[in-house]
Amino acid sequence: MLIDSHCHLDRLDLALHNGSLDAALDAARARGVAHFLCIGVSAANAAAVKGLAEQYADVDCSVGVHPLDLQPGAAPVLDWLLAELNHPHVVAIGETGLDYHYEPEAAELQQQSFRLHLDAARITGKPVIVHTREARADTLALLREAALPQAGVLHCFTEDWDMAKAALDLGFYISLSGIVTFRNADALREVARKVPADRLLVETDSPYLAPIPYRGKANLPQYVREVAEFLALVRGERFEDLAAQTTANFKRLFPLARVA
């Protein structure tokens, strides 16, 4: 059994499945994917991800505002976020975090929003899903400042082992996506070998970042199997063992998720 721990079901390119999300989910289920975490990125898509979690028993969701989806000059409102998090199928907060690759000029606003999400995590006890790109020092500084009592996850991890180790030391999990299969991802594969088995998750981040051999095409939740199979090979583990371990890790990190 596999779990796609991070996908954007409301944004999938469904051409391969004749426009049918049902068919896309069935294709993933047929490949052993038993659960999906559909990720919120903005106030605008919160209703969509909650609606999908209400529609499908094997879909849960998160709610939050991605650092690149912030309204100019305005961080989200804590009361809004807490109200959204009260939904029974919202099992996590985010994705949130820092992305200085595209919007370094928005660093202060992104940090304000990230702190707000971390405050919501402290208030609710729900895990936080962190996006970080070219913001290593500030991401770790804010996580240390927050000192959350519960774990969270650095999703679609692309940084080096030093950052992974620092996040692990703070109690966070590391989630790897199809990027780990890319030819130029040697440093990330080194991280993949070193992450403790009980702190590893797998994801697609679909519709983005399809793994080899689908790179350049629309990503789909069914391809989380390629990610997991590749990771098992890199780590020298049986695929079945890695699948079972990452599923157990997901259930531990997201205890409110409806995973059988």
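This is a predicted model: local features need pLDDT of at least 70, side-chain atom pairs count only at pLDDT 80 or more; totals for chains, interfaces and linings use all residues.

Residues are numbered from 1 along each chain as its sequence is written, and side-chain values use heavy atoms, leaving out hydrogens and water.

Start with the largest pocket. Its volume is about 530 Å³. A pocket here is an open set of points on a 1 Å grid over the protein atoms alone, where a 1.4 Å probe fits, with protein on both sides within 12 Å along at least five of seven lines. The volume is the space filled by probe spheres set on the points. Lining residues have an atom within 4 Å of a point. There are 23 of them, and the closest to the centre are Asp99, His131, Arg133, Asp205 and Leu209. Two elements give two or more residues to this lining: strand 4 (90-99) and strand 5 (128-133). Strand 5 gives the most, with three residues. Strands are DSSP runs of E, at least two residues long, and helices are runs of H or I, at least four long.

Now turn to helix 5, residues 136-146. Here Thr139, Leu140, Leu142, Leu143 and Ala146 are buried, meaning under 20% relative accessible area with a 1.4 Å probe and protein chains only. Where do the buried residues fall, seen down the axis of helix 5? They fall within an arc of 165°, so they line one face of the helix. The arc is taken from the directions from the helix axis to the C-beta atoms. An α-helix has 3.6 residues a turn, so residues three or four places apart point the same way. Among the elements that cover this face are helix 4 (107-124) and helix 6 (161-169).

Just after helix 5 comes Ala147, with a positive phi of about 45°. Ala147 sits in the loop between helix 5 and strand 6. At 54% relative accessibility, Ala147 counts as exposed, a word kept for values over 50%.

His155 lies in the loop between strand 6 and helix 6. Is His155 buried or exposed? At 5% relative accessibility, His155 counts as buried. The side chains of His155 and Glu95 are joined by a polar contact of 2.9 Å; such a contact is a pair of N or O atoms within 3.5 Å, one able to donate a hydrogen and the other to accept it.

Note on methods:
Contact means heavy atoms within 4.5 Å.
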